[in-house]
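Take a moment to look over the model and turn it around on your screen. Then read on for a short tour, one spot at a time.

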Amino acid sequence: MAKMMTFEERLKKHHDELRWLYMELYDNSDMFYELCTQMERFYQERSSALKERDLEKEADPAWFKKQDMMGMMLYIDNFAGNLRGVERKLNYLQECSVNTIHLMPFLDVTKGKSDGGYAVSDFRKVREDLGTIEDLAHLTGKCHEKGMNVCMDFVMNHTSEDHEWAKRARAGEGEYMSRYFFYADPSIPQAYERTVPQVFPTTAPGNFTWLPDAGHYVMTTFYPYQWDLNYRNPRVFNEMMYNFLFFANLGMDIIRIDAVPYIWKELGTPCRNLPQVHTIVRMMRMIGEIVCPATILLGEVVMEPAKVVPYFGTVEKPECHMLYNVTTMATIWHSLAVQDTELLKKQLDTVCALPKEYTFLNYLRCHDDIGWGLDFAFLQTQGMEEVAHKRFLNDYYTGRFPGSESRGQLYNDDPVTQDARFCGTAASMCGLETALAAQDKERISQAIGLDLMLHAYMLIQSGIPMIYSGDEIGQLNDYSYQDDPDKCQDSRYIHRGAFQWELAKKRKNKTSPQGRIFQGLDRLEQIRKQDLVFAEDAAVYTVPTGHHGILCVIREKDGRRMAGVFNFTSHDASVPVWQDAQGQDMLTGGAADLSEVPVAGHGFRWIVF
Ligand code: GLC
């Protein structure tokens, strides 16, 4: 009885706003009634263990901001074969200090038309080679027992063309055609193309696909086999919410809303970040809070900061719990290539000035390409022009630029806009691949030092660090995708290689590159988990160093401070950080004078004072 009340109380809290927004978008009270009925059904079907978890997390709403939060994203097959395999590797993940695993898409797809799992053909079925829905529930249960959280992708913008709805739409069933964007007449697709930018200009040009058998065009923002769902249709919204709740009931702690800015389309607009997207995300947030408050939302908004921040909603009407710190990620790599941290400092100051409620996910790279979404207005004041600078960054990271040690490949090199993006693993971008090939000890050390410096920077930022599986042992680019006909067109596979368990065995060997990276990271993670200065509500700000290539970040909590000093140049230097302060190096334990801090080229210091 008491539990039932809980649902009712939660519903009561949000009902009016939810109804208001729903009616604003759909003006359909029957469908709203259905939604509420289904919400109650999902609540009733939710296990008592998860309901317990709901109460715990409701009582501690900042649980996902805690300083021990540490994420790792992984493809299940690459990492451990299948879901049961992942379960067997949980101890390894814990050894990596990871308490949150992002399972990359695992739902059913069509081989050769999967976009790395982002073209779902059945939202209730796990890809056969990875396991079953039962395995998934088993894994989340095991993770929860071990104090770990699980995150999954919820690809709500589109389905695969092999999804049942798409098949029926293709066969001409009007009910299903209305769940997508179908046009017999080319004039509407043409009108859209005038205002909608392209996501994959080279690998999948245009935003529509002609279906000769159906005699219609269908909207396909991403690949031609990924059909955009039409959220104007309340049936689409309701059904996708039921899918969301289905996964929440399997124990998902974090739902990553894939490609969220794209989910509402309007002719004559860029079809990105439209106000209705925010209505949908806000409704989703409330639905989650009513049925499964233990489950939180991570929005995938790969846009400039001004477009990212609105996805947090407002403090009174929040939308996503967490968002990616995407501009910082791209700016880190820019800073390294130009050996100048001015823009990174500006970026960090912008993020630090945001309300503390806003939680960012910090990362160095993910399963996608790195797009050079930098603040070009600012860079212009430094004499860097957009097209030329992007070309430089791509030359630099592909290793074509003289002196660059980085390796990787371009992605969607658009001859029209010259807007290529970049793919590579963190270690290959840091030069480990070239250094190992040359068997040059000095260069190997430099690459490892740089890799650790960047991770130390990732860890000092406010928010949650998310490491890509394999980066903890410095995994290199994997070129084998080029021999796979299903993958060879998509260079993102270069940094999605299978996890090298043989190399991981060397993680305890302090002289191997794997061991040096693994242990170096481990040391940083231990400090981050334990030291008061890493509390989630610590103040974080920058101080000037007088050196354009060296950035200093201060974290401060209850009078305890630390300085993180990061040298983005290849030259050793000394910089003043804090007048008349003596501190202690957090890694070596040695004394450190903050009025003059020496930092090796591409090195860093963590000093507490
Ligand atoms: C997201 C994913 C990306 C995928 C796209 C389409 O951006 O991160 O991998 O290609 O959505 O679903």
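This is a predicted model: local features need pLDDT of at least 70, side-chain atom pairs count only at pLDDT 80 or more; totals for chains, interfaces and linings use all residues.

## Around the ligand

Let's start where the ligand sits. In total, 13 residues surround the ligand, and the closest are D115, D258, E300, H367 and D368. What kinds of residues make up this shell? By class, there are three nonpolar, three polar and seven charged residues.

Now zoom in on a few side chains. D258 has a polar side-chain atom 2.9 Å from an oxygen atom of the ligand. E300 places a polar side-chain atom 2.8 Å from an oxygen atom of the ligand, and for R492 the distance from a polar side-chain atom to a ligand oxygen is 3.1 Å. How much of the ligand does the protein bury? On its own, the ligand would expose 310 Å², and the protein buries 94% of that.

## Helix α20

Next up is helix α20, which covers residues 441-460. Here's a quick check you can follow yourself: its 20 residues, at 1.5 Å a residue, should span 28 Å, and the end C-alpha atoms are 29 Å apart, which agrees.

Is α20 mostly enclosed or mostly open? Of its 20 residues, 14 are buried, so the rest of the structure largely encloses this helix. Buried here means under 20% relative accessible area.

While you're looking at a helix, here's a handy rule: an α-helix has 3.6 residues a turn, so residues three or four places apart point the same way.

## D440, at the start of the helix

Which residue reaches toward E442 at the start of α20? That would be D440: one of its side-chain oxygens comes within 3.1 Å of the backbone nitrogen of E442.

D440 has a relative accessible area of 26%, so it counts as partly exposed. R443 is partly exposed as well, at 27%.

## Salt bridges elsewhere

How many salt bridges are there? The count comes to 50. One of the pairs is R232 with E266, whose side chains meet at 3.0 Å, N to O. R232 lies in the loop between β10 (226-228) and α11 (234-249), while E266 lies in the loop between β11 (254-257) and α12 (275-291), so this pair ties together parts that are 34 residues apart in sequence. R232 has a relative accessible area of 41%, which makes it partly exposed. E266 is partly exposed too, at 26%.

Another pair to find is K487 and D484, with their closest N and O atoms 4.0 Å apart. K487 is partly exposed at 31% relative accessibility, and D484 is partly exposed at 23%. Salt bridges can also join up into a network: K113, E161, D162, R170 and D213 are linked this way.

## Two residues with positive phi

Now for a bit of backbone geometry. D27 isn't a glycine, yet its phi is positive, at about 45°. You'll find D27 in the loop between α1 (2-26) and α2 (29-45). Is D27 buried or exposed? Its relative accessibility is 62%, and exposed means over 50%, so D27 counts as exposed.

D558 is in the loop between β19 (550-557) and β20 (560-567), and at 64% relative accessibility it counts as exposed.

## Two buried loop residues

Loops can hold buried residues as well, as V120 shows. V120 is in the loop between β3 (107-108) and β4 (122-126), and its relative accessible area is 2%. How far apart are V120 and H158? They are 38 residues apart in sequence and 8.0 Å apart in space, C-alpha to C-alpha.

Last stop: R496, in the loop between β17 (464-468) and α21 (501-504). At 4% relative accessibility, R496 counts as buried. What does its side chain reach? The side chain of R496 gets to the backbone oxygen of H367, at 2.8 Å.

How values were computed: Residues are numbered from 1 along each chain as its sequence is written. Side-chain values use heavy atoms; hydrogens and water are left out. A residue is near a molecule or strand if one of its heavy atoms lies within 4 Å of it. A polar contact is a pair of N or O atoms within 3.5 Å; within protein, one must be able to donate a hydrogen and the other to accept it, and residues adjacent in sequence count only if both atoms are side-chain atoms. Accessible areas come from the Shrake-Rupley method with a 1.4 Å probe; for residues, only the protein chains shown count as cover. Ala, Val, Leu, Ile, Met, Phe, Trp, Tyr, Cys and Pro count as nonpolar, Asp, Glu, Lys and Arg as charged, and the others, Gly among them, as polar. Helices (H or I, at least four residues) and strands (E, at least two) are DSSP runs, numbered from the N terminus. The expected span of a helix is 1.5 Å times one less than its number of residues. Buried means under 20% relative accessible area, exposed over 50%, partly exposed in between (1.4 Å probe, protein chains only).
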